[in-house]
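Okay, everyone's here, so let's get going.

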Amino acid sequence: MSTSDASPEPADAVVEEYILGVRIVETEAESADADADADADADADAEPRYRFEAPDHAETAFDSLEDARLYADVYFDVNGFVEEGTGDRGIPPEVVQGGKDTLAAYLVACPWGDVNWVGSFYGADPSEIERYLSWVRRRADEIRSEAADQGLE
């Protein structure tokens, strides 16, 4: 009989659960060098990552919960989009078609984006970009609320 001394992997924790099978899950950050003998204390200090999950959507992870939530808001604002292949084809067309505020929110949620960079891109001040983000968040909240009122889960 064989036994295993390995401790079980900790379960991912659902941080946000939305309608239609969309959720944000907190996961452990992957180490830069998985083959190296890492100190157990270093693993304990690893920052969590936040994975966005939706049916038929490519895995997308974020370093901050705020970015993951904003990404979810963009997802609902445009009634979903396909991220797979985006590196090959650029920004998802649904996001671009969503308008200036939706595109700004998507760019802020990108790992290299922030309100200052997007403001520079748009020729706008960061406060204007924050206003765009608030519009996307509000619309996404309204969409989720209306869908829940109609019994969609």
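Areas are Shrake-Rupley with a 1.4 Å probe, and for residues only the protein chains shown count as cover. Phe 121 sits in helix H6, residues 115-122, and it counts as exposed at 52% relative accessibility. Exposed here is over 50%, buried is under 20%, and partly exposed is in between, again with a 1.4 Å probe and protein chains only.

Before I go on, a word on what you're looking at: this is a predicted model, so local features need pLDDT of at least 70 and side-chain atom pairs count only at pLDDT 80 or more, while totals for chains, interfaces and linings use all residues. Residues are numbered from 1 along each chain as its sequence is written, and side-chain values use heavy atoms, with hydrogens and water left out.

Now the overall picture. The protein chain has seven helices and four strands, and from the N terminus the order is β-β-α-β-β-α-α-α-α-α-α. Those are DSSP runs numbered from the N terminus: helices are H or I with at least four residues, strands are E with at least two. Of the 153 residues, 35% are buried. The chain exposes about 9700 Å², and carbon and sulfur atoms supply 46% of that.

On to helix packing. Helix H2, residues 65-77, packs against helix H7, residues 126-149, at about 65 degrees with the axes 8 Å apart. The axes are lines fitted to C-alpha atoms, for helices over the stretch in contact, and angles run from 0 to 180 degrees between N-to-C directions. Residues making the contact include Leu 70, Asp 73 and Phe 76 of H2, and Val 136, Ala 140 and Arg 144 of H7. Contact means heavy atoms within 4.5 Å.

So what does Asp 73 touch, not counting residues up to four places away in sequence? Val 136, Arg 137, Ala 140 and Arg 144. Asp 73 is in helix H2 and is buried, at 6% relative accessible area.

That brings us to charges. Searching the whole structure gives ten salt bridges, each one a side-chain nitrogen of Lys or Arg within 4 Å of a carboxyl oxygen of Asp or Glu. Arg 144 pairs with Asp 73, with the closest N and O atoms 2.8 Å apart. Arg 144 is in helix H7 and Asp 73 in helix H2, so this pair ties together parts 71 residues apart in sequence. Arg 144 is buried as well, at 11%.

Arg 144 also forms a salt bridge with Asp 141, at 2.7 Å between the closest N and O atoms. Both lie in helix H7, three residues apart, about one turn of the helix. Asp 141 is partly exposed at 43%.

Glu 53 and Arg 23 meet in a salt bridge at 2.6 Å, N to O. Glu 53 is in strand E3, residues 48-53, and Arg 23 in strand E2, residues 23-28, so the pair ties together parts 30 residues apart in sequence. Arg 23 is partly exposed at 28%. A network of salt bridges links Asp 12, Arg 23, Arg 51 and Glu 53.
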